[in-house]
Structures are given as structure tokens and as C-alpha cells.
Amino acid sequence: MPQPLTIWAVSDGRAGIENQVLGLAEAVQELTPSTIVVKRIRYSSLYDRLPTALKLWPDAMLSERSDSLDAPYPDIWIAAGRSTIPFSSRMRKRSGQRTMVVQLQNPRHNLKAFDLVIAPEHDHVRGKNVLSLIGSTNRVAPHRLEIAYENWRDHIDNLPHPRVCVMVGGRSKAYDIDEKRAYALAIEIRSAIQQSGGSLLLTVSRRTPDNARRIFEDVLHDLPGIIYDGKGENPYFAFLYAADHFLVTEDSVNMATEVAGTGKPLQILPLERRTLGSGEKFEDFHETLRAKGIAHPFNGILADGHYNSAHKAYPPLNETKRASEHLLTMYFARRP
């Protein structure tokens, strides 16, 4: 019987990035026996902000908090994020070409350094070794969501339907959310939930400005439901399982992709664009979701199969499975 594959899931440890590499690694594990090892790369403060091109001796630049990246090397290296590039681009040579190197997102690096680049369609990365996906890889799987829900069942089971999950991002290179926009969105969300007779499941991100966070909490606090304040166990996966309807701010590809993986109604909440022309890639992504009948704009009304017959159910988006199948086809084709 062949030995299980060893997969390193490599990132800087940020949840949004780590979930992408873990999601793909776990999808591979579903298809073939594999051992997954999580690796978190952290540079010392002196070198952390250096561009990739100047990280010429990356091993010497790591902090004591970083995981070891020494041999024996894995069969498959799956990485994402700027911090991983200095190691990803060297891994084939270090492993004597034994390790298959898979880089997620747009590496902004010579694509020939990797065996496979898996990038979002809206990043427009092109190459013979590039697989383009709608959105990002993720950990959304029915069994994982159901397990997460069990820890929150007592808090959610009695909430009235429709359960409306509101996912708020925040400030990024392309978007921002000021007090005026936060208040306007919160008022519209409150009205829509009250008209539906439903309940609220609210989660904000670390990028949500404190003043915007407080506005959402103040305006929505007396609705039946749960407002996650970032303390204690994160109910994110439980919300994905339990909610009937999702409202997601337009700044997050990850959150929209994860919701699309559930097959449930999804509407996009508009934010402020920071500069003229910013957010164009996100608009490309949302246009793809609209064309597939997955996402729709939010105009103050919950628009889904129950409230608006124009919006039909759609097959859950599972680009992570497609990526895992492509990866393994490549891996077994290159084995001696």
C-alpha cells in the first residue's frame, strides 16, 4: 500500500490566507491518503516589510516564532501570501525537484518558479501552469459546517427564519467603510430583517473600523440573533451552516466565495471605493457571480427564492474540489 502523501500548508498564519491553503490541502486529502502539516512563516521585524526581491537569505530572516522549513521536505507544498514566495520559489531546487510546488493567488513573481499557480479569474494571471478559479479556495464542506454548528446549536436553533447572516469586511486597498455608509447599511439591514420576521447573525472582520463596528452593533443589537464581537469561539462556520440568507460586503472575495459554496442566497453590500478605478477586479468577480445567478446587489430587500421568485437556487460553487482534482492529476502524472 503506498505511503500517504505529505502536504505542507504554508502561509503567514492570517486566517483568510491560511484557510485557502488548508482548504485545498484538505480537499486533496479527501481524494487520496495525505498527512497535512501546517507551516507558518514569520519574519523578524527587521526584514518583514522588505520586498520579496530583497529577501535573498530568507532562512536567516525568520523570527523565532516561525515554524521550521527544513528537510525532509513534503511531497506537495501549498502556499499563499507574499511571505511565502522566497521559500516557494526555492523549494523545487531545495527538494531536488521532488516537491510539487503549488502557489495560490497572484504571486507577482516569475511563474516558472512554481509547478502550479492557482489564481482567481479576476486577477487575470496567464500561463501554461496556471489554473484560474472563480474566487478562492476555502474550507467550506458540509461535514465541517455541521460539526461547527453543533457548538452553537443551543444559541441558534430557536432563532426565527429567515436567519440573515451579515458579513462585514472593512478597510482595504480598494474599499473603506465610514460612519455614514455603516449607518446607512445598518438601517437597511435592520428594515429588511424586520420586514421578513427573521433574525440576525452578524460577524465583522479585523479590518472593520471600530466606529463602523459600533454603529452596526448599536443599530442592530435589539434584533433577535447573535452579534459576534470577536471574542471567544468564532461562529463563522456555524453561521454558514445555519443562515438562510447572506449579506456580504463587496471587499471580500473569500467571504463571498465561501457563501457561494453553500448554495444559499447571497447579496452584496456596497462600500466606498478609496480611489477612482479601485475595486475593478472585485467588480469582475461579482459580475461572474451575477452571471451564474449566485450573487445579486442588496437594495434593502432580501431577494431570494422565498421573497422574490426572480432569484432561483444555484448549484453550490465548489472550485476547491476542481483545483484539488487538477493538482492531483498533475502530481501523479509527474511521478516516476
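User: What makes β1 and β3 a strand pair in this predicted model?

Analyst: Two strands pair if DSSP finds at least two bridges between them. In this predicted model, 4 bridges join β1 to β3, and the two strands run parallel. The count of 4 meets the requirement of at least two, so β1 and β3 are called paired. Trp8 has Trp77 as its bridge partner in β3.

User: How do you know that β3 also pairs with β4?

Analyst: Again 4 bridges are found, and β3 and β4 (residues 100-104) pair in the parallel sense. In β4, Met100 is the bridge partner of Ile76. Helix α3 (residues 85-94) carries the chain from β3 to β4, in a β-α-β crossover that is right-handed.

User: Why is the pair of Trp8 and Tyr73 called edge-to-face?

Analyst: Ring centres must lie within 6.5 Å, and planes over 60 degrees apart count as edge-to-face. The centres of Trp8 and Tyr73 are 6.3 Å apart and their planes stand at 70°, so the pair is edge-to-face. Trp8 lies in strand β1 (residues 5-11) and Tyr73 in the loop between α2 (58-61) and β3 (76-79), 65 residues apart.

User: How do you know that the charge of Lys39 sits over the ring of Trp8?

Analyst: One criterion is that NZ of Lys be within 6 Å of the ring centre. The charged end of Lys39 sits over the Trp8 ring, 4.6 Å from its centre. Likewise, the charged end of Lys55 sits over the ring of Tyr43, 4.7 Å from its centre.

Terms used
Residues numbered from 1 in each chain as written. Predicted model: local features only at pLDDT ≥ 70, side-chain atom pairs only at ≥ 80, totals over all residues. Heavy atoms only, no water. Phe/Tyr/Trp six-rings, centres within 6.5 Å; stacked < 30°, edge-to-face > 60°. Lys NZ or Arg CZ within 6 Å of the ring centre and 35° of its normal. Right-handed = clockwise from strand over helix to strand, strands pointing away.
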